[in-house]
Amino acid sequence: MTIVNKKDETILYNIDYIKKNLDLKKFVNLLEKKSFAEWFLNPSADPNVENFNIEKCAIESCSNEKNLDPNINDIDGFPEGENLNKFQKLEWFFHPYEYHSENNVIEIKDKYKKEYKEYEKALESHKNEGTFLETISSNFKSFYIVKVAETLKEFKAKEFETHSIIYSKINDKYYYVFNMPNDYRNLIVKIDDKLIDECEFIELIINRFGEEAIINNDGNTLGDIYEKVL
């Protein structure tokens with residue numbers, strides 16, 4: 001049995017780590033190349049394309065030359081023979097898991113498990129609220145955020161999808177971001193050069209759910225909000 005050790009145990013892998021180490025240009029490039037799920041709104045697009053969740057692109061963008069984190073830059077820490085690159089090490093620290101190497105079973109410290117649970121809780125909250133991008137960089141600004149579920153019971157249990165339009169200053173683009181917690185999907189499904197109006201945005205969601213879908217704990221529907229923005 002082998003346990004992975006951080007060279008610097010004070011470093012926590014959480015939202016603040018991403019904010020501090022994010023390479024914005026690299027991140028935006030990764031978003032459009034790896035997180036863009038065109039198939040979501042375009043039936044003719046290839047549905048078998050592998051997409052990275054937005055969070056995974058954020059973690060990969062932290063693997064850059066300016067990040068001096070000794071836990072991913074130094075050789076020590078991971079078992080000998082585990083030839084992981086910086087991104088793979090970062091992924092492990094953000095999402096530690098037990099695994100079998102050729103001659104070893106790699107275990108997780110209880111401390112790392114606790115840190116991971118705290119990070120995962122914060123991450124899910126930001127994704128559900130549609131605020132993850134704004135939280136990790138001031139480059140992003142939200143315009144519309146709509147939570148939607150098929151029933152009031154599901155909505156109150158937070159079993160809702162989150163749909164949002166997020167503006168990126170660095171490349172002057174508007175991203176339609178979709179979060180589906182039950183399927184662990186947090187992806188970009190549309191990229192525009194101009195802000196679509198709220199009416200068009202609601203129509204896109206109605207095409208997926210119908211007008212009777214629930215949008216808040218009071219039981220209001222997509223149809224209710226659509227009438228207000230017409």
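Trainee: How many bridges join strand 5 to strand 6?
Mentor: There are 7 bridges, and the two strands run antiparallel. Strands here are DSSP runs (E, at least two residues) numbered from the N terminus, and two of them pair if DSSP finds at least two bridges between them. Keep in mind that this is a predicted model, where local features need pLDDT of at least 70, side-chain atom pairs count only at pLDDT 80 or more, and totals for chains, interfaces and linings use all residues. Residues are numbered from 1 along each chain as its sequence is written, and side-chain values use heavy atoms, leaving out hydrogens and water.
Trainee: Ok, and which residue of strand 6 does Ile166 stand opposite?
Mentor: That's Tyr175. Strands 5 and 6 form a hairpin with 4 residues between them, and Asp172 in the turn has a positive phi of about 55 degrees.
Trainee: What about strand 4, in which sense does it pair with strand 5?
Mentor: Antiparallel, over 8 bridges. On that side, Ile145 stands opposite Ser164 of strand 5.
Trainee: Is strand 5 buried or exposed, then?
Mentor: Buried, meaning under 20% relative accessible area with a 1.4 Å probe and protein chains only. 8 of its 8 residues are buried, so strand 5 is largely enclosed by the rest of the structure. Glu161, His163, Ile165 and Tyr167 point one way, while Thr162, Ser164, Ile166 and Ser168 point the other way.
Trainee: Switching topic: where does Glu211 lie?
Mentor: In the loop between helix 9 (198–209) and helix 10 (222–229); helices are DSSP runs of H or I, at least four residues.

Terms used: Buried < 20%, exposed > 50% of the residue type's maximum accessible area, 1.4 Å probe, protein only.
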